[in-house]
Amino acid sequence: MNKHHYVAIMAGGIGSRFWPKSRTSYPKQFLDILNTGKTLIQWTYDRYKRFIPEENIYVVTSAEYAGIVKEQLPAIPTENILSEPSRKNTAPCVAYISFKLLQKDPEASLIVAPSDHMIIDIEAFEKVSKQALDFAATHQSFVTLGIKPTYPNTGYGYIQHETAAAAEDVYKVKLFTEKPKLEMAQTFLASGDFLWNAGIFIWQAKHVVKAFEQFQPEMYDLFASEKEHFNTPGEQEAIDRIYPLCSSISIDYAIMEKASNVFVIPASFGWSDLGTWNSAYDNLEKDYLGNAIAGENVMVVDASKCMISAPHEKLLVLQGLDDFIVVDTKDVLLICKKEKEQEIKEYVAEVKRNKGEKHL
């Protein structure tokens, strides 16, 4: 293992599209969504400790989740759990870990990754991650991992790349594009030069800090003015001063779409961002009628192609539904057509307006 290799696992999201199982107080990255015996963040940590020194694995999360992280990842040093005082999207998170590591190790190479994705082929993932770390260090560039699309998904962002390789299996990025409409997604798929954006970024800390100076000078100045406090007892107080002044912006918009030295490695390692109940359905075993069932006491009668999640101790009998999401918890029952799952966020907003925050 390389002592200059680090990973920052981003674990501050609230996972509202997995409501009502995912709650603000205990979001999806800390849940065993697929009944595997491990939570999503535990799978993520285990993936990286295969090739990143454990003392170099960091988790960046909301202050309210720091205790849950320590509980679920007991091996992680407490000082490697970085607490964000407020949710400001991914750019401030990346600035924080990059400035911190640059102070500690000027040669630090960093992977920034979500905590709640599923990856099946661990060996293929390790191989492409190491390739990305090597390329980023030797070419002073930013690298992202792109997933070869298998169907026209409208819930993912896409990356368009040059057709000629810059190095073996590494391509220069032409364009990042947000979640497209179906017709556009079909066009992307047919073109052959578009990949799904997995949201995994690789670079050297010194280069991304320079990019902040160039493309996000206000945010750069905030972190630079407090950098002497990083890796000291005053770090949290410094971060508490910085974050309220940061704009809320994603790293994609802040840096990746503006920089010229961005490359992508097309990969296939059984990836899913597990962003929705439909993606959970795709990754769970089905019964002979196509129902995916997460719960030990679920009985299905004349129902097909449903995504069903219920507490193990609760008996749930389902009859006559076709293509539905059924999620039962101790205080909320959600019954929703699978085709309407993108609207679950809107239902959560309605619940907040009409019933307050008790059920969120």
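Helices (H or I, at least four residues) and strands (E, at least two) are DSSP runs, numbered from the N terminus. The model on display is predicted, so local features need pLDDT of at least 70 and side-chain atom pairs count only at pLDDT 80 or more, while totals for chains, interfaces and linings use all residues. Residues are numbered from 1 along each chain as its sequence is written, and side-chain values use heavy atoms, with hydrogens and water left out.

Select Trp19 and Pro20, which are joined by a cis peptide bond with omega of about 5°. Pro20 belongs to the loop between strand S1 (5-10) and H1.

A pocket is an open set of points on a 1 Å grid over the protein atoms alone, with protein on both sides within 12 Å along at least five of seven lines; a cavity is a set of points where a 1.4 Å probe fits but cannot get out, and lining residues have an atom within 4 Å of a point. Grid points are joined across faces, edges and corners, and a volume is the space filled by probe spheres set on the points. The largest pocket holds about 1,500 Å³ of space. It has 47 lining residues, and the closest to its centre are Gly13, Arg17, Asn89, Thr90 and Asp116. Next, colour strand S9 (194-204), which gives the most to this lining, with four residues. The lining of the largest pocket comprises 15 nonpolar, 20 polar and twelve charged residues; here Ala, Val, Leu, Ile, Met, Phe, Trp, Tyr, Cys and Pro count as nonpolar, Asp, Glu, Lys and Arg as charged, and the others, Gly among them, as polar.

Is Asn89 buried or partly exposed? Asn89 is partly exposed, with a relative accessible area of 43% (buried means under 20%, exposed over 50%, partly exposed in between, with a 1.4 Å probe and protein chains only).

One cavity of 30 Å³ or more is counted. The largest cavity contains about 40 Å³ of space, and its lining includes Thr44, Arg47, Tyr48 and Phe125. Helix H1 (40-48) and strand S4 (109-114) each give two or more residues to this lining.

Move to the loop between strand S11 (271-272) and helix H10 (277-283), where Leu274 lies. Leu274 has a positive phi of about 40° although it is not a glycine, and this residue is buried, with a relative accessible area of 0%.

**Last stop: the four-stranded sheet.** Select S12, S14, S16 and S17, which form an open sheet in that order with mixed pairing (two strands pair if DSSP finds at least two bridges between them). Strands S12 (292-294) and S17 (333-337) stand at the edges with a single partner strand each, so one side of each is left without a neighbour in the sheet. Finally, display S16 (residues 324-328), which runs antiparallel to S17 and is joined to it by five bridges. Ile325 has Cys336 in S17 as its bridge partner.
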